[in-house]
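This report describes selected features of a structural model, from helix packing to backbone geometry. The sequence and structure are shown first.

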Amino acid sequence: MDEQQARLVNCFLAVFPELSADEISAATSTTVQSWDSVAGVTLLAVVEEEFGITLETDDLSRFDSFQGFLNYLRQTEVGDRH
Amino acid sequence: MKLIEALNLTRQMQSRKGETLRCFLASGFNALHLKTFLAAELCLIFADRKIELSDGLYGDLLGNVDRLAKSDCEVGIVLIEWPDLDPRLGIRSTARWGAGELGDILATARTRVQQLQQAIEEAGQRASMAVCLPTLPLPPFAVAPSWQASSFEMELHALVHSLSSAIAQGHQVRILNAQRLDLDLPLKDRHDIESEALSGFPYRLSHASALAALLARVAHRPAPKKGLITDLDETVWSGILGEDGVDGVSWDLEHHSQMHAFYQRFLGALMSEGVMVAIASKNDPVLVERAFGRDDLAVSAADIFPMEANWKPKSQSIARILDAWNIDADAVVFVDDSPLELAEVRAAHPGIECLQFPTKSDAAIYDFVLKLRDLFGKSAVSEEDSIRNESIRRSRSNGPARSGFGIEELLDQAEAEVSFNFSKMPVDQRAFDLVNKTNQFNLNGTRYMESDWRGLLEDPSSFLTVASYRDKFGPLGKIAVLAGMTNGRTLKIDTWVMSCRALSRQIEFKCLRELAARFDFDEIEFVYQQTERNGPMREFLSEILTVSPSPGCAISREDLEARLESVMKPQEVSNG
């Protein structure tokens, strides 16, 4: 797991503390019971703040899973800010 | 605080065992991340309690304040934004606005303000309340361009201010200071238009975090400190009283020391609010009394009590002050420019908050006073506050000092280093200046012309010792000079001066120990002469000789070594 992925896992853990690190990599808005609209908005805010980016919210469907977030970060080449 | 930190904090708080603090956040917008930040900040402040933070319904601020009043919460937090006064003042409304609607918006806002005032006052009878007035900029509804204040906007602001004045009369209601929020986060960095449109949460995360931190402090109501003990030199005034003299210390524009007057004025303000202010200074008490007799002081000496001016460790002065005040150390702040003095007091009185007075920057002094205001601030000054100071002054206790602390341990912890240089040539200008400038720790007050000083040093039987000091807080440089003659088996010291800043670091004892190590003598003779100002030298020699010093007083090597042994531990020094 690279640093970018590890940081994304921490973001998910903060919003979904009931999940294990393994469960997070497979997490989606349909498989995680606590992933409602509030959790979704919170997750967006946490990820934006952690990576110092503004997520394009015109297509929110891409941010409905851990993999969706990770793919976005990879595509926009958001690296280590520190 | 970052949102991820706030989330983790609130999760960890769930496992706390303490009593639950029930809080209610009443807002008209979706509180979302603000609620998270606020819960986390309350967790930090109320560290021994579980936090339960409820909120109400979206879009119903007035109803939420009623819900707050009917709940069993201890703490109520009310957040008002412009759309709460009229929904047309927000971006989520689709209602029209225009010049014709402005009057109606104002009328609606007036009615809503009256309703909110009543609801908040009622809630304030049941819970401790923190109220925050609009923090976001008004939308561009006014007719005037943005750089011009329109009558519409001014009327809205006046309505809000009238609300704050009315509800602030209640003892239980406290208003968040908008100026403080402005200092922490500028207006332009607060509004998140996209977030408000998407979710109804109008704040940027930075604003939500800053606002939550301040709201938690308003809700907390920490007990203000009760007493401030301050140093004098380079604190109440610029300069060293013992070196610069009564007229040489300053606090004015001419000497670029005006911010010391600002500090004096603040001390005066604190005393008028019932805060006890005392002095703990290593200084000649006679000089201090004369300095406080200056008619240009910005603070009245009559209100300062007690005034401890002596050459003993400050922890002992502070112990006497605490006894006189009869308050606990944790209600007291000690201010000094010297990190070593602060460390000594902190070690002896761990409950006291010790703060370093900034000396290099006017802006830093201003910020320092702001910090003191936060420590001593209270909602109102009571009559009891003023009475307390006067009654303490009248019933002053002269009991024994409450506690002391080993200076040796402190110097060890400060990594104090004293170095000695015995070179006589070339003539050291700093040493010469010290001899001619020092008054208080001075063996006899003799002043030298440069030619006389050179002549003394050129004598083959003369010696010169220049001591330098540094510790982990920084160097003091060259701070002591001893000079004299070797006369058979007698070492005769006819010049000995030390800077006031170096007192209470045992350097004077180290000087004698160094001479004992360097020279082979049976006796040291001191060419002592009492002067008007060399009290500290007199006290030191009394301690070494165990009798009051007189001209030509002396001590044998055996007695000197025994005396030093009883006072000091062995320590490494470096010689040059």
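A crossing is left-handed if the near helix is turned anticlockwise from the far one by less than a right angle, and right-handed if clockwise. In this predicted model, α1(B) passes α2(B) in a left-handed crossing. Helix α1 spans residues 3-13 of chain B and helix α2 spans residues 32-45 of chain B; their axes lie 8 Å apart and meet at an angle of about 55°. With that angle, α1(B) is oblique to α2(B).

On the side of α1(B), the contact involves B:Leu3, B:Ala6, B:Leu7, B:Leu9, B:Thr10 and B:Met13. Helix α2(B) contributes B:His33, B:Thr36, B:Phe37, B:Ala39, B:Ala40, B:Cys43 and B:Leu44. By class, the residues of the contact of α1(B) with α2(B) comprise 10 nonpolar, 3 polar and no charged.

## Packing of α5(B) and α6(B)

From α5(B), the contact is made by B:Leu102, B:Ile105, B:Leu106, B:Ala109, B:Arg110, B:Val113, B:Gln117, B:Ile120 and B:Glu121. Facing them in the contact are B:Phe152, B:Glu155, B:Leu156, B:Leu159, B:Leu163, B:Ala166 and B:Ile167 of α6(B). The residues of the contact of α5(B) with α6(B) fall into 12 nonpolar, 1 polar and 3 charged.

## The covered helix α3(B)

Helix α3 of chain B, residues 61-70, is mostly covered, with 7 of its 10 residues buried. The buried positions are B:Leu61, B:Leu62, B:Gly63, B:Asn64, B:Val65, B:Leu68 and B:Ala69.

These buried residues pack against both strands and helices of chain B. The strands are β1 (20-27), β3 (75-79) and β4 (128-132), and the helices are α4 (82-85) and α5 (102-124).

## Cysteines

How many disulfides does the structure hold over all chains? The number is 0. A disulfide requires a pair of cysteine sulfur atoms within 2.5 Å. For B:Cys43, the closest cysteine sulfur is that of B:Cys23, at 9.6 Å, which is too far for a bond. For B:Cys73, the closest cysteine sulfur also belongs to B:Cys23; here the separation is 7.5 Å, again too far for a bond.

B:Cys43, which takes part in the contact between α1(B) and α2(B), counts as buried at 0% relative accessibility. B:Cys73 is likewise buried, at 6% relative accessibility.

## Backbone geometry in loops

Most residues other than glycine have a negative phi, and most peptide bonds are trans. The peptide bond from B:Phe305 to B:Pro306 is cis, its omega being near -10°. B:Pro306 sits in the loop between α12 (285-291) and β8 (307-310) of chain B. Another cis peptide bond, with omega about -5°, joins B:Met425 and B:Pro426. The loop that holds B:Pro426 runs between β11 (417-421) and α18 (429-437) of chain B.

Positive phi values occur at B:His256, where phi is near 55°, and at B:Thr546, where phi is about 65°; neither residue is a glycine. B:His256 lies in the loop between α10 (241-244) and α11 (258-272) of chain B and is exposed, with a relative accessible area of 70%. B:Thr546 is placed in the loop between α21 (535-545) and β17 (554-556) of chain B, and it counts as exposed at 59% relative accessibility.

B:Tyr366 belongs to helix α15 (residues 362-376) of chain B and counts as partly exposed, at 43% relative accessibility. Leaving aside its neighbours within four places in sequence, B:Tyr366 is in contact with B:Met259 and B:Phe262. Between B:Tyr366 and B:Leu79 there are 287 residues of sequence separation and 30 Å in space, C-alpha to C-alpha.

In chain A, A:Phe51 is part of helix α3 (residues 37-51). Is A:Phe51 buried or exposed? A:Phe51 is buried, with a relative accessible area of 2%. A:Phe51 and A:Val15 stand 36 residues apart in sequence and 16 Å apart in space, C-alpha to C-alpha.

Note on methods. Residues are numbered from 1 along each chain as its sequence is written. Chains are lettered from A and ligands numbered from 1 in the order in which they are written. This is a predicted model: local features need pLDDT of at least 70, side-chain atom pairs count only at pLDDT 80 or more; totals for chains, interfaces and linings use all residues. Side-chain values use heavy atoms; hydrogens and water are left out. Axes are lines fitted to C-alpha atoms, for helices over the stretch in contact, and angles run from 0 to 180 degrees between N-to-C directions. Helices (H or I, at least four residues) and strands (E, at least two) are DSSP runs, numbered from the N terminus. Angles under 35 degrees count as roughly parallel, over 145 as roughly antiparallel, 65 to 115 as roughly perpendicular and the rest as oblique. Contact means heavy atoms within 4.5 Å. Ala, Val, Leu, Ile, Met, Phe, Trp, Tyr, Cys and Pro count as nonpolar, Asp, Glu, Lys and Arg as charged, and the others, Gly among them, as polar. Buried means under 20% relative accessible area, exposed over 50%, partly exposed in between (1.4 Å probe, protein chains only).
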